[in-house]
Amino acid sequence: MFEIVENFLLGFGLWPWLVTLLTTLLGIVVIMVPLLLSVAYFTYAERKVIGYMQIRIGPNRVGFFGHQLWGLGQPIADAVKLMFKEIIIPNGSDKFLFLIAPILSMAPALAAWAVVPFGSEMVLADIDASLLYVLAITSIGVYGVIIAGWASNSKYAFLGAMRSAAQIVSYEIAMGFALVGVLMAAGSINLGDIVRGQGGEYGILNWYFIPLFPLFVIYFISGVAETNRAPFDVAEGESEIVAGFHVEYSGMTFAVFFLAEYANMILVSMLAALMFLGGWLSPIPADFIPDAVVISQLMGDGIHWLLAKTAIFMFFYLWFRATFPRYRYDQIMRLGWKVFIPLTIIWLLVVGAMIMAGWL
């Protein structure tokens with residue numbers, strides 16, 4: 001991805017290790033800056049979309065340079081406000097753990113993007129076990145939730161942390177089984193190879209969401225539950241346990257938890273697009289794409305398809321929040337353990353039979 005930059009820097013006679021370091025840092029900046037901007041404006045999109053669904057306007061006042069511009073300055077105003085708010089640490093709390101918990105939630109949500117392929121050659125670290133890396137690194141996030149609840153020295157925060165951790169662990173099992181079906185179909189745990197395995201002359205008909213449809217649905221619903229989003233947001237059930245595990249947090253420590261939640265939502269959406277909807281592959285068969293330069297670039301494979309598919313899943317997150325009431329905790333546990341896990345195991349047997357029969 002950064003071969004041109006590497007060759008340019010090597011032309012100045014720099015040491016190879018320094019060139020590798022500089023190109024890696026450049027890659028991190030190229031990924032992180034758009035991601036953090038997307039996280040900020042995802043909050044704006046949520047408020048606008050849910051506002052329209054509920055016949056409200058949403059944020060429309062804060063703009064730039066005296067112009068309202070549909071309220072596009074709202075995320076920046078929110079960020080500035082949180083930066084200048086006081087961070088209050090409760091009496092009797094473990095100060096070190098209290099401050100390290102938001103980092104443990106945010107860092108895995110960002111580190112996972114190192115292996116996410118945005119195109120056939122657009123990936124920061126193309127490791128063989130990239131999907132295994134994503135699952136391993138994102139599993140660390142639950143420790144941030146548990147530590148935040150315990151270190152706050154609050155029974156309400158601790159209760160919210162326990163409920164959230166139990167929910168995350170429960171749905172992570174169903175999500176893991178759903179991804180096993182993808183691994184069986186692709187024969188690889190490399191995200192790039194999984195996307196390339198969905199290529200073919202039939203376009204959208206080659207994508208894995210067709211033979212793995214039950215696993216596709218279970219994966220995304222489990223992703224919604226893992227990110228503690230409505231209707232699975234029992235960790236933040238205000239009528240029961242106030243704001244959940246981060247009730248004692250304020251200022252930037254609260255903002256980091258907030259950012260981690262939205263970064264995880266974008267990550268789950270992009271992984272769904274990569275593993276089930278062909279990633280950067282075009283849904284249009286190659287034979288039906290005209291030879292015109294501009295049209296062929298728009299209709300052909302490219303990062304724009306990956307971003308569009310990811311945006312669809314991100315919209316589903318907002319749609320769910322505006323539509324469904326919050327489930328009871330026992331309903332959530334029953335759905336994860338008694339419905340999703342048995343269904344995934346059964347469909348894995350079906351996928352195995354399809355592979356043995358040569359249908360997949």
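**Entry 1: the second largest pocket.** I sorted the lining of the second largest pocket by residue type and got 17 nonpolar, two polar and no charged residues. For that sorting, Ala, Val, Leu, Ile, Met, Phe, Trp, Tyr, Cys and Pro count as nonpolar, Asp, Glu, Lys and Arg as charged, and the others, Gly among them, as polar. This is a predicted model, where local features need pLDDT of at least 70 and side-chain atom pairs count only at pLDDT 80 or more, while totals for chains, interfaces and linings use all residues. Residues are numbered from 1 along each chain as its sequence is written, and side-chain values use heavy atoms, with hydrogens and water left out.

The space in this pocket comes to about 410 Å³, a volume filled by probe spheres set on grid points that are joined across faces, edges and corners. Of its 19 lining residues, P34, S38, F118, M270 and L307 are the closest to the centre. A pocket here is an open set of points on a 1 Å grid over the protein atoms alone, where a 1.4 Å probe fits, with protein on both sides within 12 Å along at least five of seven lines; lining residues have an atom within 4 Å of a point.

Helices are DSSP runs (H or I, at least four residues), numbered from the N terminus.

**Entry 2: α2.** I checked the length of α2: its 38 residues reach 54 Å from first C-alpha to last, close to the 56 Å expected at 1.5 Å a residue. The expected span is 1.5 Å times one less than the number of residues. Just after α2, I55 has a positive phi of about 55°.

Entry 3: I looked up W113: its contacts (heavy atoms within 4.5 Å) include I31, F118 and M270, leaving out residues up to four places away in sequence.

**Entry 4: F340.** Among the residues F340 touches are Y171, I218 and L335.

Methods
Helix = DSSP H or I, 4+ residues; strand = E, 2+ residues; numbered from the N terminus.
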